[in-house]
Amino acid sequence: MMRRFMQSVSCGLVALAPAFAGAQGAAVAPVVPAPAPEIFLRAPVTGATVGKTFDVVFGLRHYGVAPAGANIASTGHFHILIDVEAPPVGAVIPQDALNLHFGKALIETTITLAPGKHTLRVVLGDFEHKVIAGLVSKPVTVTVK
Ligand SMILES: [Cu+2]
């Protein structure tokens, strides 16, 4: 029961918490909303100049990583979008040379791009590769030499 309660809080369904505590007659502690999840690139940073083959390190706060196909609440897997906008929330992320999936729950990788300026976005997709609300990074512009 406690586990369910904790999951509810972490999912942001905080309205359940006071009712739960009240049902047991316990004092109701102030409910702190779950922090908003955040996605970003740890590397490269925007404005960086990188070689044709370079490391990409994903960043994620207040959310979890799980393999594609694993339907686990508040988790997803990373995608790198290269020179394309993210699909709308809930849309399936295409799978092609510009939309890379990391369905084995990787948190870092190495990619190779043609020389020139490129814009990278990291997007968390759910177990069905659908864009999760709030989990599209800011664009990161890099120069590949
Ligand atoms: Cu995917």
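**The copper site and its surroundings**

Histidine 77 and histidine 79 are both buried (under 20% relative accessible area, with a 1.4 Å probe and protein chains only). The model is a predicted one, in which local features need pLDDT of at least 70 and side-chain atom pairs count only at pLDDT 80 or more, whereas totals for chains, interfaces and linings use all residues. Residues are numbered from 1 along each chain as its sequence is written, and side-chain values use heavy atoms, with hydrogens and water left out.

The copper ion is coordinated by His77 through NE2, His79 through NE2, His101 through ND1 and His129 through ND1, at 2.0 to 2.1 Å. Donors here are N, O and S atoms within 2.8 Å of the metal (3.2 Å for Na, K and Ca); water is not among the atoms, so sites may look incomplete. Along the chain the donors of the copper ion have the spacing H-x1-H-x21-H-x27-H. The angles among the four donor atoms run from 90 to 154°, and the site is irregular.

Strand E8 (residues 116-125) and strand E9 (residues 131-136) run antiparallel and are joined by two bridges; strands are DSSP runs of E, at least two residues long, numbered from the N terminus, and two strands pair if DSSP finds at least two bridges between them. Glycine 125 stands opposite valine 131 in E9.

The largest nonpolar core has 22 residues, and Phe54, Phe58, Ile80 and Leu120 have the most contacts inside it. Such a core is a set of buried Ala, Val, Leu, Ile, Met, Phe, Trp, Tyr and Cys residues joined through side-chain atoms within 4.5 Å. At least two residues of this core come from each of E1 (38-43), E3 (53-61), E5 (75-82), E8, E9 and E10 (140-144). E3 gives the most, with four residues.

Conventions
Four donors count as tetrahedral if all angles lie between 85 and 135 degrees; four count as square planar and six as octahedral if opposite donors are over 155 degrees apart and all others between 65 and 115; anything else is irregular. Buried means under 20% relative accessible area, exposed over 50%, partly exposed in between (1.4 Å probe, protein chains only).
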